[in-house]
Amino acid sequence: VSSFKIIESTLREGEQFANAFFDTEKKIEIAKALDEIGVDYLELTSPMASEQSRQDCTAIANLGLKAKILTHIRCHMDDAKVAISTGVDGLDVVIGTSSYLREFSHGKDMDYITAKAIEVISFIKESGLEVRFSTEDSFRSDLVDLLSIYKAVDKIGVNRVGIADTVGCANPRQVYELVKTLRGVVSCDIECHFHNDTGCAIANAYAALEAGATHIDTSVLGIGERNGITPLGGLFARMYTGDKEYVKNKYNLHKLRDVENIVAEAVEVTVPFNNYITGYCAFTHKAGIHAKAILNNPSTYEILKPEDFGMTRYVSIGHRLTGWNAVKNRVEQLNLDLTDEDAKAVTQKIKALADAHGALSLDMVDGLLKKFHEAKEEGTH
Ligand code: HCA
Ligand code: CU
C-alpha cells in the first residue's frame, strides 16, 4: 500500500455513538485537533439532522482548516441543496442497496435508486463540489446491483464511490475481493467504511487498501453507531507498520493522544487500557526476558516506536517475572553503586516479596535498591 487518505468521521459517525453529544464549541475543538494531525478530510453530520447541525456544519466549513470538509447526506435533492449552502468542500451521498434496507427502510428499487443517484450527483457536480456516492450495507447487497450502480455513477464523473460495511459483517477476504472487483469496474477513487462488530474494522481497512481502495473512514477511538468503526489510532498503527516514513511524514502522530483525550472526555469514556498506541500498557514491557532484550534494542519486542507517537516506553520491574538486567538498568538510572551480583540479589528479593505480597511499586523497588546501596556504603566506612 503506497498511499491512502483518511476521512475522519468523528463528527458524523462518531455523533452516532451512544454517549456522544458535541456542542458547537466541542465540535470546533475536535475539528481543529484533527486538522492538526493532518487528516485529509473531516466528515460532518448532515445539515438536515437538525437546525443546530446545519449551523455547526456551516461554522466548521468556514474555519479555514487545511482538511477538506465534507458533510454526509441522503440521496435526495433537498439534502443536497441545503448541504451545498453550508459552504463545505464536498458531499458524501449514501443510499441503502441491500434487500434489507430496500424492503424495510426506504422501499425503493434499483432503477429508482440509480436514477436518483444520477440526478443528485449531477446536481452536486454542477455546483463545483466534490461528490462521493456510497451504498449502505454493501456486503449484503447484490453484487450485480452494486457494480452496475457504481459503474453508472463513475460514468457521470463521481469523485469517489464508497463501500460501507454498515452492519460489520465483512471479513478481510470478502473485502479484498469486493474492492478488487470494483477496482476493475470504476476509474474513480474508492472509499471504504467498516463497522467493528466482529473486530475486523482495521483489518478490513487494510485489506481494502491492498485491493486498491484510496480512502478510509475513521473515528477517534472508533466511536460510532453500536461499537463503532475503524479507529484513527488503530489505522495509524496498522499503516505505520507497513510504511513508517509515509505515515510519519504525512500525519502529526504526536497529536493523536490529545485528540483521543478530548473525545474521551467529551463522550465520558476512558481510553481503553489496551488501546492502540495510547493505551496505558501499549509500551510497557514486563517479562525479564523481554525487558533485557528491549533494553539492548527496542526493536526486539516493539513494532511501533513510542517516540514517534510522543509516547514513552516503560519497563516494569517490580514483579515475580522480573529479571536482573532490568533491575540493573534501574540501578543505572538511579546512579547507585551496585554490582551485578548486588542487582541479582535485589532481584531475588523482589521475586520473593512479589510471591508473598503481589506486585511492588517502582517506589518500593527503588527503596530496596537504595537500602542495598546504603548498606554497602556503611560497610565500606
Ligand atoms: C449509517 C450510515 C453509514 C454510512 C457510511 C457511508 C453506514 O449510519 O448507517 O456513508 O459510507 O455505516 O452505512 O455510516
Ligand atoms: Cu457507519
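This is a predicted model: local features need pLDDT of at least 70, side-chain atom pairs count only at pLDDT 80 or more; totals for chains, interfaces and linings use all residues.
Figure 1. Glu-130 is partly exposed, because 18 other C-beta atoms lie within 10 Å of its own, whereas a buried residue would need 20 or more. The residue belongs to strand E5. Leaving aside residues up to four places away in sequence, Glu-130 touches Asp-89, Gly-90 and Asn-159. Arg-102, which is 28 residues apart from Glu-130 in sequence, is 27 Å apart from it in space, C-alpha to C-alpha.

**Figure 2. The closed barrel of 8 strands.** The strands follow the order E1-E2-E3-E4-E5-E6-E7-E8, and their pairing is parallel. On average, neighbouring strands of this sheet are turned by 25° against each other, direction ignored. Helix H7 (residues 172-183) packs on the sheet, where it touches E6 and strand E7 (189-194). The direction of H7 makes about 160° with that of E7.

**Figure 3. Pairing of strands E3 and E4.** Strand E3 comprises residues 68-74 and strand E4 residues 90-96. The two strands pair in the parallel sense, over 5 bridges. Ile-73 has Val-93 in E4 as its bridge partner. In general, the strands of a sheet pair through backbone hydrogen bonds, in either a parallel or an antiparallel manner.

**Figure 4. Strand E6 and its pairing with strand E5.** Strand E5 (residues 130-136) runs parallel to E6, and 4 bridges join the two. Opposite Val-161 in E6 stands Phe-133.

**Figure 5. Packing of helices H8 and H9.** Helix H8 (residues 201-210) and helix H9 (residues 232-242) pack at an angle of about 50°, and their axes are 10 Å apart. The two helices are therefore oblique to each other. The crossing in which H8 passes H9 is right-handed. On the H8 side, Ile-202, Ala-205 and Tyr-206 take part in the contact, meeting Gly-234, Leu-235 and Arg-238 in H9. By residue class, this contact of H8 with H9 divides into 4 nonpolar, 1 polar and 1 charged.

Technical notes. Residues are numbered from 1 along each chain as its sequence is written. Chains are lettered from A and ligands numbered from 1 in the order in which they are written. Axes are lines fitted to C-alpha atoms, for helices over the stretch in contact, and angles run from 0 to 180 degrees between N-to-C directions. Angles under 35 degrees count as roughly parallel, over 145 as roughly antiparallel, 65 to 115 as roughly perpendicular and the rest as oblique. A crossing is left-handed if the near helix is turned anticlockwise from the far one by less than a right angle, and right-handed if clockwise. Two residues are in contact if their C-beta atoms, placed from the backbone, lie within 7 Å. Ala, Val, Leu, Ile, Met, Phe, Trp, Tyr, Cys and Pro count as nonpolar, Asp, Glu, Lys and Arg as charged, and the others, Gly among them, as polar. Two strands pair if DSSP finds at least two bridges between them. A residue is buried if 20 or more other C-beta atoms lie within 10 Å of its own, exposed if 12 or fewer, and partly exposed in between; C-beta atoms are placed from the backbone.
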